[in-house]
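Dear colleague,

I am passing on the structure below for you to look through. My notes on what was found in it follow directly after.

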Amino acid sequence: MPEGHTLHRLARLHQRRFAGGPVAVSSPQGRFAASAAAVDGRVLRRTSVWGKHLFHHYAEGPTVHVHLGLYGTFTEWERPPDAAMPAPVGQVRMRMVGAEYGTDLRGPTVCELLDDAQIAEVVARLGPDPLRRDADPTWAWSRITKSRRPIGALLMDQTVIAGVGNVYRSELLFRHGIDPYRPGQVVSETEFGAAWTDLVALMKVGLRRGKIIVVRPEHDHGAPSYGPGKPRTYVYRRAGDPCRVCAATVRTAELEGRNVFWCPQCQT
């Protein structure tokens, strides 16, 4: 599932390419056809994101709400002047076409129209988004410090912090020496404050660079990344490999339905 910085990059891209002009919206697959007709030809005023939720705000109309989930993806394409539009490939839930660009959405968990009150309901269920200027970490801290749930589970709970996925969760805890199974109420306020500041900085790098970069320069050597084209990580998807810092064996286990990775020596 894409992490929060990916949605913010998409929002910025769609803002540049489509906002300020009319957008042709359709649903080649048909599942979004009636809703697409309600915004087809309207001017896209702006885009916004909260956590993993993307919003396209249309003038004098409803807002398109997208949650990519595990399998959703946008495919971007250029529209040369006077050229025929490409035929949809696969199950395209929503197609957007502007003056110079188009984008096709496939496989989202959510693609729907919402009014302002419904948007407020979605946002009210979410914790602070580290990439938003209005993010309030005290909301997340108040939830964490009262909880007996493992901190590794709390960081993935979108009602606590919105936008954090499995990579940032595992890597952030390693960078701050916190065992993912430590109860939230045992994490100190100082530890949380340092981790939040680091999380904001890491996600801003991801937003700017388009990829997650978490390994400090002094550790950015040795074993390759976990996959082609992926940056190095400390623990994520490195189970059984030696820790980049202490050489202990990186471990993995299932935590509330998702695999978590950690170093038993560096994280206490």
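A polar contact here is a pair of N or O atoms within 3.5 Å, where within protein one must be able to donate a hydrogen and the other to accept it, and residues adjacent in sequence count only if both atoms are side-chain atoms. By that rule, three residue pairs are in polar contact between domain 1 and domain 2, both residues being at pLDDT 80 or more.

This is a predicted model, in which local features need pLDDT of at least 70 and side-chain atom pairs count only at pLDDT 80 or more, while totals for chains, interfaces and linings use all residues. Residues are numbered from 1 along each chain as its sequence is written, and side-chain values use heavy atoms, with hydrogens and water left out.

The domain assignment, whose bounds come from an automatic or database source, gives domain 1 (4–125) and domain 2 (137–262). Their centres, taken over C-alpha atoms, are separated by 30 Å, and the contact (heavy atoms within 4.5 Å) takes nine residues from domain 1 and 15 residues from domain 2. Between them the domains bury about 840 Å², 62% of it on carbon and sulfur atoms; buried area is the accessible area (1.4 Å probe) that two parts lose on being put together, summed over both. On the side of domain 1, His5, Arg9 and Lys52 lose the most area to domain 2, together 58% of what that side buries. Across this interface there are zero salt bridges (a side-chain nitrogen of Lys or Arg within 4 Å of a carboxyl oxygen of Asp or Glu).

Best regards
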